[in-house]
Amino acid sequence: MNFFSKFCKWNQILMIITAALLLVARPKFALALSPITSGPTFAKVIALTFDDGPHPFHTPQLLDLLDSFQIKATFFVVGVKAAENPFILKNIVKRGHVLGNHSWSHPNLSKLEGKEVEEQIRFCNQAIKAITETPPRFFRPPGGNWNNRTLDIANKLGLQTVLWTINGYDAGFDSYSPQALAKTVIRRATPGAIVLLHDGGNFTLAALPLIINTLRKEGYSFVTLEQMLHKPIKPISLAHSN
């Protein structure tokens, strides 16, 4: 065997060893899907999403406001709150909105063990299905805190993990005023954007009319995540008519 033949043989062996080491060293959850942060960009559509409900006081007001603009949105609900407010949860669905899973009790899932993460997601799924007879298709980790384990478990439970394109910062100490909230969303709006707001967020109800009216004037239409991600979007037919 000449030098060249020996070199090729050892090179093949080295490649096999390297491939085997990469396979062994691969992270356990490397096959988990990446979170969705936006929808298709060929149509001027935006998805409004509302986290942390349902609330006995805020949610009915939000539903009435959305109805007044003939807009359907997506609500990422917390399981324990859904169980406490079943009639409101049913009303969200009755009015044509989409429900998403936001965990059972809103912990930081990235700090939990796999079994706890699964329970948080599965219990919320069960609550939504028991109350509405329809299981959710979307999942958003509380606070946007996730890791590969979280994505893998959500995927195994039949859920697509959805984050956001635009954070309205309408919750907690980060919120400021209705005008500033609206300005943030309007300035960052792009086709296919997913907007993070909160069911019960500070200034959310006051800012929404300005957001909706301004973006409609700019040619945007509002859709649910179901419409944005799972149904064909026709740019012309979705244009808002005055």
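## Packing of α2 against α4

In this predicted model, helices α2 and α4 pack with their axes 10 Å apart and at an angle of about 15 degrees. Because angles under 35 degrees count as roughly parallel, α2 and α4 are described as roughly parallel to each other. The crossing in which α2 passes α4 is left-handed.

On the α2 side the contact involves Thr-59, Pro-60 and Leu-63, which meet Ile-88, Asn-91 and Ile-92 of α4. Sorted by class, the residues in this contact of α2 with α4 are four nonpolar and two polar, with no charged residues. Helix α4 also holds Pro-86, which counts as partly exposed at 25% relative accessibility. Although Pro-86 and Pro-54 are 32 residues apart in sequence, their C-alpha atoms are 8.8 Å apart in space.

## Packing of α2 against α8

Helix α2 also packs with helix α8, which spans residues 204-217, and here the angle is again about 15 degrees while the axes are 11 Å apart. That angle makes α2 roughly parallel to α8. The crossing of α2 and α8 is right-handed, whereas α2 passes α4 in a left-handed crossing.

From α2, the residues making the contact with α8 are Gln-61, Leu-62 and Leu-65, and from α8 they are Leu-205, Leu-208, Pro-209 and Ile-212. By class, this contact of α2 with α8 has six nonpolar residues and one polar residue, and no charged residues.

Side chains of opposite charge can pair when their charged atoms come close. Such a pair is formed by Asp-67 and Arg-95, whose closest N and O atoms are 2.8 Å apart.

A search of the whole structure finds six salt bridges. One of them joins the side chains of Glu-118 and Arg-122, at 4.0 Å from N to O. These two residues are four residues apart in helix α5 (residues 114-132), so about one helical turn separates them. Glu-118 is partly exposed, with a relative accessible area of 34%, and Arg-122 is likewise partly exposed, at 29% relative accessibility.

In another salt bridge the side chains of Glu-226 and Arg-137 meet at 2.7 Å, N to O. This pair links distant parts of the chain, since Glu-226 lies in helix α9 (residues 225-230) and Arg-137 in the loop between α5 and β4 (138-139), 89 residues apart. Glu-226 counts as buried at 16% relative accessibility, because the buried class is the one under 20%. Arg-137, on the other hand, counts as partly exposed at 38%.

Thr-224 is found in the loop between β8 (221-223) and α9. With a relative accessibility of 3%, Thr-224 counts as buried. Leaving out residues up to four places away in sequence, Thr-224 touches Lys-72, Ala-73, Thr-74, Gly-96 and Val-98.

## The protein as a whole

The protein has nine helices and eight strands, and 45% of its 242 residues count as buried. Among the contacts in the protein with a sequence separation of 6 or more, 77% are between residues 24 or more positions apart.

Notes: Residues numbered from 1 in each chain as written. Predicted model: local features only at pLDDT ≥ 70, side-chain atom pairs only at ≥ 80, totals over all residues. Heavy atoms only, no water. Buried < 20%, exposed > 50% of the residue type's maximum accessible area, 1.4 Å probe, protein only. Axes fitted to C-alpha atoms, helices over the stretch in contact; angles between N-to-C directions. Parallel < 35°, antiparallel > 145°, perpendicular 65-115°, else oblique. Left-handed = near helix turned anticlockwise from the far one by under 90°. Contact = heavy atoms within 4.5 Å. Nonpolar A, V, L, I, M, F, W, Y, C, P; charged D, E, K, R; others polar.
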